[in-house]
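Subject: Handing over the structure

Hi there,

Here is the structure I promised to pass on to you. Have a look at it first, and then read on for what turned up in it.

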Amino acid sequence: MSAAPDDDAVAAGTVASERVANFLRQAILAGDIQPGERIRQEDIAERFGTSRLPVREALRMLEIEGLTENLANKGARVPLLSAHQVDVVYRMRESLEPLALTESIPRLDSATVARLAEIQEEIEADAESGGHVQRFLDLDRQFHLGSYEACTIEPLASTVTRLWNTTQPYRRAFVELTGARRMWIVNAEHRLLLDAIERRDVEDAVNTLRGHIRRTRVELEGHPEIFRKTSQGR
């Protein structure tokens, strides 16, 4: 019986850590906390009315997800990548995401495939109404990660999500720069990918996906200003 208070304390600490992690995850993915920007434990603890312990645990969770990093004598921050680092991460995505898709397609149920089609319709409807960067990023993430959700092979599945998290700020900067004039290409590639998934044609899907990721990587190479912009939060 004497262990119950300790169990309650552990449970409360876990809930607090998850609340902090959810807040920071959303803020980072939404671009409210920029690459290179420090995350001060004392500020977050004060915001949530908690000690630093749940904050430290939340930051460890986010570091595993690729959303934060801990620098010696400096504390936590959102990772700041160079153009070369982003290029390498995109090359990793070109290799790993087709593999995740290969594992996923045969196991995707019809409801999930139908949901992917609905998400793509939402992407196109948003583009027709003028387009909203964060809305597109959210839907694009749902579309692609949703297509991999039947891949249960670890560490493949978690690595793919981590790479998506790592490149999120650079996708945002790219979409903000290129705007609506490039959306027709994104939508065309999504439609080809969706068609292959619906037909359960793994080879077509993988070839389309690999080209889709590669195109973004190559276009990012032509915009070094993106990396100057994202380094301003250092």
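A salt bridge here is a side-chain nitrogen of Lys or Arg within 4 Å of a carboxyl oxygen of Asp or Glu. Please keep in mind that this is a predicted model: local features need pLDDT of at least 70, side-chain atom pairs count only at pLDDT 80 or more, and totals for chains, interfaces and linings use all residues. Residues are numbered from 1 along each chain as its sequence is written, and side-chain values use heavy atoms, with hydrogens and water left out.

**Salt bridges**

The structure holds 20 salt bridges. One of them joins aspartate 87 to arginine 91, with the closest N and O atoms 2.9 Å apart. Why can these two meet? Aspartate 87 and arginine 91 are four residues apart in helix 4 (residues 83-104), so about one helical turn separates them. Helices (H or I, at least four residues) and strands (E, at least two) are DSSP runs, numbered from the N terminus. As background, an α-helix has 3.6 residues a turn, so residues three or four places apart point the same way.

Arginine 199 is another residue to look at. Its side chain forms a salt bridge with aspartate 195 (2.8 Å, N to O) and another with aspartate 204 (3.1 Å, N to O). Arginine 199 is partly exposed, with a relative accessible area of 42%; aspartate 195 is partly exposed at 34%, and aspartate 204 is partly exposed at 33%.

Arginine 171 sits in helix 7 (residues 156-178).

Arginine 171 does have polar partners. Its side chain makes a polar contact with the side chain of threonine 167 (2.6 Å), and one of its side-chain polar atoms lies 3.2 Å from the backbone oxygen of tryptophan 164. A polar contact is a pair of N or O atoms within 3.5 Å; within protein, one must be able to donate a hydrogen and the other to accept it, and residues adjacent in sequence count only if both atoms are side-chain atoms. Leaving aside neighbours within four places in sequence, arginine 171 is in contact (heavy atoms within 4.5 Å) with Tyr90, Arg93, Leu137, Arg141 and Trp164.

Arginine 215 is in helix 9 and counts as buried, at 14% relative accessibility. Its side chain makes a polar contact with that of glutamate 189 (3.0 Å). Not counting residues up to four places away in sequence, arginine 215 touches Arg182, Ile185, Val186 and Glu189.

**The nonpolar cores**

A nonpolar core is a set of buried Ala, Val, Leu, Ile, Met, Phe, Trp, Tyr and Cys residues joined through side-chain atoms within 4.5 Å. The largest has 39 residues, and Leu101 and Ile197 have the most contacts inside it. Helix 7 gives the most to this core, with seven residues. Apart from neighbours within four places in sequence, leucine 101 is in contact with Ser147, Tyr148, Leu193, Ile197, Ala205, Val206 and Leu209. A second, separate core has 18 residues, including Ile28, Ile39, Val55 and Leu62.

Which residues of helix 2 (residues 41-48) are buried? They are Ile44, Ala45 and Phe48. These residues cover an arc of only 100° around the axis, which puts them on the same side of helix 2; the arc is that of the directions from the helix axis to the C-beta atoms. The face turned away from the buried side carries the exposed residues Glu46 and Arg47. Glycine 49 follows helix 2 and has a positive phi, near 65°.

Lastly, leucine 80 lies in the loop between strand 3 (75-77) and helix 4, and is buried at 11% relative accessible area. Leucine 80 and phenylalanine 227 are 147 residues apart in sequence and 9.2 Å apart in space, C-alpha to C-alpha.

Happy exploring!

Key:
Buried < 20%, exposed > 50% of the residue type's maximum accessible area, 1.4 Å probe, protein only.
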